[in-house]
Amino acid sequence: MAIRRSRNRRRLLTAIVVMIIIGLISFSVINIISLKKEQYDMKEQKRTLQEEKKQLERELEDANDPDNLEEQARDQLRLIKPGEKFYLFPEEITDAGEQSESSEEEE
């Protein structure tokens with residue numbers, strides 16, 4: 001009888017040790033998978049940021065381009081060249097024109 005109890009205790013102890021090892025391995029595998037996903041996400045973010053950086057560098061190069069400077073001056077500051085005429089329309093007219101164009105596009 002004592003031998004059976006001893007064997008049962010060993011089996012129980014062995015089962016507990018095996019379950020603990022399986023638990024630790026499972027935790028490690030889940031942790032590795034999580035880290036791999038995070039690594040993939042970081043690589044995607046890095047790629048996106050590099051593309052954005054390239055685009056911003058192109059815009060910076062274009063910022064000193066005389067044609068671009070002229071276009072910005074005309075659009076934002078409403079500057080004109082000598083001899084040109086500047087027509088300023090009331091906002092009511094331009095807003096109505098934009099609304100009619102957008103309603104035509106929806107149809």
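Modeller: Glu44 and Arg47 sit three residues apart in helix α1, which is about one turn of the helix. The model is a predicted one. In it, the side chains of Glu44 and Arg47 meet in a salt bridge, at 3.0 Å from N to O. Side chains of opposite charge can pair when their charged atoms come close.

Arg47 has another partner as well: Glu51 forms a salt bridge with Arg47, and here the closest N and O atoms are 2.8 Å apart. Glu51 and Arg47 are four residues apart in helix α1, so about one helical turn separates them. Taken together, Glu44, Arg47 and Glu51 are linked in a network of salt bridges.

How covered are these residues?

The structure holds three salt bridges. Another of them joins Asp41 to Lys37, with the closest N and O atoms 3.1 Å apart. Asp41 and Lys37 also lie in helix α1, four residues apart, and so are separated by about one helical turn. Asp41, at 33%, is partly exposed, whereas Lys37 counts as exposed because its relative accessibility is 53% and the cut-off for exposed is over 50%.

Helix α1 covers residues 2-63, and Ile21 lies in it. Ile21 belongs to a nonpolar patch on the surface, which is formed by Leu13, Val17, Ile21, Ile25, Val29 and Ile33. Together these residues have about 540 Å² of accessible area. Ile21 itself is partly exposed, with a relative accessible area of 44%. That value passes the requirement for a patch residue, because a patch takes residues with over 30% relative accessible area.

The rest of the chain gives the setting. The chain has three helices and zero strands, and along the sequence the pattern reads α-α-α. Of the 107 residues in the chain, 1% are buried. The chain exposes about 10800 Å², and carbon and sulfur atoms supply 57% of that area.

Methods: Residues are numbered from 1 along each chain as its sequence is written. This is a predicted model: local features need pLDDT of at least 70, side-chain atom pairs count only at pLDDT 80 or more; totals for chains, interfaces and linings use all residues. Side-chain values use heavy atoms; hydrogens and water are left out. Patches are made of residues with over 30% relative accessible area and no salt bridge: like charges are joined within 9 Å, nonpolar side chains (Val, Leu, Ile, Met, Phe, Trp, Tyr) within 5 Å. Accessible areas come from the Shrake-Rupley method with a 1.4 Å probe; for residues, only the protein chains shown count as cover. A salt bridge is a side-chain nitrogen of Lys or Arg within 4 Å of a carboxyl oxygen of Asp or Glu. Helices (H or I, at least four residues) and strands (E, at least two) are DSSP runs, numbered from the N terminus. Buried means under 20% relative accessible area, exposed over 50%, partly exposed in between (1.4 Å probe, protein chains only).
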